[in-house]
Amino acid sequence: MEAAAVAAVLGFLLLAAAGSSAGDEAREAAAVRALLARLLGPGPAAAFSVSVERALAAESGLDTYRLSGGGAGARVRVLGSTGVAAAAGLHRYLRDFCGCHVAWSGSQLRLPEPLPAVQEELTETTPNRYRYYQNVCTHSYSFVWWDWARWEWELDWMALNGINLALAWSGQEAIWQRVYLALGLTQSEIDEYFTGPAFLAWGRMGNLHTWGGPLPRSWHLKQLYLQHRILDRMRSFGMIPVLPAFAGHIPKSLTRVFPQVNVTQLGSWGHFNCSYSCSFLLAPEDPLFPIIGSLFLRELTKEFGTDHIYGADTFNEMQPPSSEPSYLAAATASVYQAMITVDPDAVWLLQGWLFQHQPQFWGPAQVRAVLGAVPRGRLLVLDLFAESQPVYVRTASFHGQPFIWCMLHNFGGNHGLFGALEAVNRGPAAARLFPNSTMAGTGMAPEGIGQNEVVYALMAELGWRKDPVADLEAWVTGFAARRYGVAHKGTEAAWRLLLRSVYNCSGEACIGHNRSPLVRRPSLRMVTTVWYNRSDVFEAWRLLLTATPALATSPAFRYDLLDVTRQAAQELVSLHYGEARTAYLNKELVPLLRAAGTLVYELLPALDTVLASDHRFLLGGWLEQARAAAVTEAEARFYERNSRYQLTLWGPEGNILDYANKQLAGLVADYYTPRWELFVDMLVESLVQGIPFQQHQFDEKAFWLEQTFVFSTRRYPSQPQGDTVDLAKKLFLRYYPRLVAGSL
């Protein structure tokens, strides 16, 4: 594709989206001023002047901000071409001039007095039309139980980080219910179709139905309320909300109402049987396809309005019924046609995960069929896992369709220190320089948030940079100083060690999914190898502890100390497991008892105790969030069961076992520890009796333990207990000398 044609495609997309997000400048400025007051308080916020003028970006059409003023008695002036641009400029000032830090785990907002002056007027224009945020799965792994207060904070975080394009998918089941009732389904058929709240992401992508449901009536009402507030706030900042559209999946019960309908039942997904998967896909040529698609989008936009970008995923992790390019093109075109029937200005946002997930099926002809079925510039593709396995490279920049270079990073919302910062740092610039590149932006698309914040801080910053960060060591040193509010040699050295170890994953094997033995159902075949030197983690742990006298009052520091302590404990579990396995295979009972006993009766209880010292690592807090979304005790129990299933078995038979694993106080004590205790008991019994270890028998017994946890009604503390620093020191003093002595 020639460069001129590329420019034309991107220019069309730019104009289409710009028109939809134009909004009122005064409203956007007011929204940023309100954000500033929420963030700093009314008094400090008065030291800033915020305004929005579209003309600031008139030449490029790309978001631009300008900073000036400040100093003794002078207000800091923040001007943006949109509300999002103004918020990003404000964040830039707080970060680079004031040394502040805004984060999920706790912000550091100590402002210097007077506010530092911007000596030379600073103007910054992003090279990216879009700075995208979210994954369809994020709505289930992280957002599912949120109330408006939590959503409001997240939307502020999004604005400050310059996000201008994001999914807004709450409340869609209420709209689908209206459509299905209008088409003749009964309420019981609809109830049977929807998944439970913790599994809606996969219902929305056609992977699942029924599992974990039905949805209570109150759920629909509360989600409609939330969606209206979310959309109002997004639009007030000048963000572009991405609404859902019809992808072709229908309830089986529609075949009762329309017996002649042409449908194909797809294969199973995620080890679920057809009671919960094997979705029904409407044939693209069936007359019902445009009817359902337009009914849904018309009802949706009547309720919520539109900004003309819609998301739909027809074949997410599901193999199409035919590999014929003509079929794939028709299936794609039918989704798009249903969109433009209602909204002639529609742009389709497609998650490009399908091309990466099943490369054997999606050959060049198949990929080209999908991408060519929508007019160029009307399909916006998320290269969802570009930091590890970019698709744009092998598809000639998605054959001319614009795409967003995304960092996926996290799977399942797992805890565990992980990152590929070098790849993330270099990736967007490389994609922009790719021959005839149609890159239209950068994105963050984690399955779950609230972890590894350094990775997201870098990625958000790259959304406003043309070039990679020149010196990542210097950057991460500055990150630590801002995060804690003061530079400290111990923390700087710790972060440099983390940068070269856990945050330095490279190659295609790097996937942000925690497979540590700690959070897996035990066996004798678990992999304990890691891509880094564990001694770097242990040394970073020691260095952070040296900083406690100076930084113990910093919430962000305490969080990081606990997180690194948690990671060190995870590494210790792997080491003790390796010793126990070796002892068992060598038929050495005493070493087996020593290593396994330490793991089960010392290390895991100590980890649970230190996790309990921080509200962000409490199972009780996680479950109370689910219960708080309910309006009756019966609903509260139902939501809690949904949440417990997702954290553990995922499906009724452990279908995606431990995929969404977390390291939470209570979960370690009552879920992971009993499994390990059973495993150790059966290993010892096997060795004493001289019989092979029976993994199948263990799995059956472990499944009973896992089910017991899921169905338990035990309540857990939702307030922290104990002092993080003291507990981390105790754990360190117990194990670090053994590491140094080589006795582990």
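In the predicted model, Y65 has G80 of β3 as its bridge partner. Strand β2 (residues 64-69) and β3 pair in the antiparallel sense over five bridges, where two strands count as paired if DSSP finds at least two bridges between them. Strands (E, at least two residues) and helices (H or I, at least four residues) are DSSP runs, numbered from the N terminus. Six residues separate the strands in the hairpin of β2 and β3, in which G70 takes a positive phi near 85°. Strand β1 (residues 48-52) also pairs with β3, in the parallel sense and over five bridges; the bridge partner of F48 in β3 is V76. Strand β3 (residues 76-80) is mostly covered, four of its five residues being buried, that is, under 20% relative accessible area, whereas exposed denotes over 50% and partly exposed the range in between (1.4 Å probe, protein chains only).

Residues are numbered from 1 along each chain as its sequence is written. Because the model is predicted, local features need pLDDT of at least 70 and side-chain atom pairs count only at pLDDT 80 or more, while totals for chains, interfaces and linings use all residues; side-chain values use heavy atoms, with hydrogens and water left out.

A barrel is closed by eight strands in the order β5-β6-β7-β11-β12-β13-β14-β15, with parallel pairing. On average, neighbouring strands of this sheet are turned by 30° against each other, direction ignored. Helix α10 (residues 217-237) packs on the sheet and touches β6 (165-167) and β7 (240-244); its direction makes about 145° with that of β7. Contact here means heavy atoms within 4.5 Å. Axes are lines fitted to C-alpha atoms, for helices over the stretch in contact, and angles run from 0 to 180 degrees between N-to-C directions.

In β15, G441 is the bridge partner of Y130. Two bridges pair β5 with β6, again in the parallel sense, and Y133 stands opposite A166 in β6. In a regular strand the side chains alternate between the two faces of the sheet. In β5, Y130 and Y132 point one way and R131 and Y133 the other way, and all are buried. Strand β13 (residues 379-383) and strand β14 (residues 403-407) run parallel and are joined by three bridges, with D383 opposite W405 in β14.

N207 lies in the loop between α9 (200-204) and α10. N207 is buried, with a relative accessible area of 0%. Its side chain reaches the backbone oxygen of N316 at 2.8 Å. Residues up to four places away in sequence not counted, N207 touches W202, W269, Y276, S277, N316, E317 and M318.

Among the helices, α18 (residues 453-462) is mostly covered, with nine of its 10 residues buried. The buried residues of α18 include V454, V455, L458 and M459, together with E453 and E461. The axes of helix α23 (residues 555-585) and helix α27 (residues 667-689) come within 11 Å and cross at roughly 20°. The two helices are therefore roughly parallel to each other, a term applied to angles under 35 degrees, with over 145 counted as roughly antiparallel, 65 to 115 as roughly perpendicular and the rest as oblique.

Technical notes. A polar contact is a pair of N or O atoms within 3.5 Å; within protein, one must be able to donate a hydrogen and the other to accept it, and residues adjacent in sequence count only if both atoms are side-chain atoms.
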